[in-house]
Amino acid sequence: VMTLRVFLIEDNPTIRDLLVGLLEDSTPCEVIAMAESEEEARRWLARNGEGWDLLVADLFLTEGSGMEVVKACADRMPHQRVVVLTNYAEAANDRALSQGADAVFDKTGQFEDFLAYASELAEAGTPGR
């Protein structure tokens, strides 16, 4: 089992704190960076292209869109996973996947599924790292 390096893009501080706590307490993950806006996320990715394993993005941000961040990860390494975690999973699912997301989870109803997904990634280990 390896520790997944997670980049979290979420503009709501309450949800952000909750996510960090849950991820780090219940899965082999470490949240290594956070961003609140599309621009902030793009800047971090430009500097840390290979420095993450799992990117978790909300779609609706204070500025910009999580969908644009997903698109910006198109050239990621094969082991890097991009997950959309949103309140609008059903509506956004097909579009997010077509833009390059690996998975889409609903914040309200699929939290456990999301945590299980992160755990499985860590269990599988990451080739290329």
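Mentor: Let's start with glutamate 50, which is exposed at a relative accessible area of 56%; exposed means over 50%, buried means under 20%, and partly exposed is in between, using a 1.4 Å probe and protein chains only. Before going on, keep in mind that this is a predicted model, where local features need pLDDT of at least 70, side-chain atom pairs count only at pLDDT 80 or more, and totals for chains, interfaces and linings use all residues. Residues are numbered from 1 along each chain as its sequence is written, and side-chain values use heavy atoms, with hydrogens and water left out.

Glutamate 50 sits in the loop between α2 (38-47) and β3. Those labels come from DSSP runs numbered from the N terminus: helices are H or I with at least four residues, and strands are E with at least two. Leaving out residues up to four places away in sequence, glutamate 50 touches Arg5, Met77 and Gln80, where contact means heavy atoms within 4.5 Å.

Follow that last one. Glutamate 50 and glutamine 80 are 30 residues apart in sequence, yet their C-alpha atoms are 8.4 Å apart in space. Glutamine 80 belongs to the loop between α3 (66-72) and β4 (81-86). With 1% relative accessibility, glutamine 80 counts as buried, whereas glutamate 50 is exposed. The side chain of glutamine 80 reaches the backbone nitrogen of methionine 77 at 2.8 Å and the backbone oxygen of glycine 49 at 3.1 Å. Setting aside residues up to four places away in sequence, the residues glutamine 80 touches include Trp52, Asp53 and Asp102.

Now for the strands beside these loops. The sheet is open, with 5 strands in the order β2-β1-β3-β4-β5 and parallel pairing; two strands pair if DSSP finds at least two bridges between them. β2 and β5 (103-106) are the edge strands, each pairing on one side only. On average, neighbouring strands of this sheet are turned by 25° against each other, direction ignored. For such angles, axes are lines fitted to C-alpha atoms, for helices over the stretch in contact, and values run from 0 to 180 degrees between N-to-C directions.

On one pairing, β1 runs parallel to β2 (residues 29-35) over 6 bridges, and leucine 4 has cysteine 29 as its bridge partner in β2. Between those two strands the chain goes through helix α1 (residues 13-26), and this β-α-β crossover is right-handed. Right-handed here means that, with the strands pointing away from the viewer, the path from the first strand over the helix to the second runs clockwise. α1 lies across β1, β2 and β4, at about 160° to β2.

β1 also runs parallel to β3 (residues 54-57), joined by 4 bridges, with phenylalanine 7 opposite leucine 55. Moving along, β3 and β4 pair in parallel over 4 bridges, and valine 56 stands opposite valine 83. Valine 83 in turn has alanine 103 as its bridge partner in β5. β4, helix α4 (residues 89-98) and β5 form another β-α-β unit that is right-handed.

One more loop deserves a look: aspartate 58 lies between β3 and α3. Aspartate 58 is buried at 6% relative accessible area, and its side chain makes a polar contact of 3.1 Å with that of lysine 107. A polar contact is a pair of N or O atoms within 3.5 Å; within protein, one must be able to donate a hydrogen and the other to accept it, and residues adjacent in sequence count only if both atoms are side-chain atoms. Neighbours within four places in sequence aside, aspartate 58 is also in contact with residues including Ile9, Asp11 and Thr86.

Finally, look at α5 (residues 111-124). Its buried residues include Phe111, Phe114 and Tyr117, and what covers the buried residues of α5 includes β1, α1 and β5. After α5 comes glycine 125, with a positive phi near 75°.
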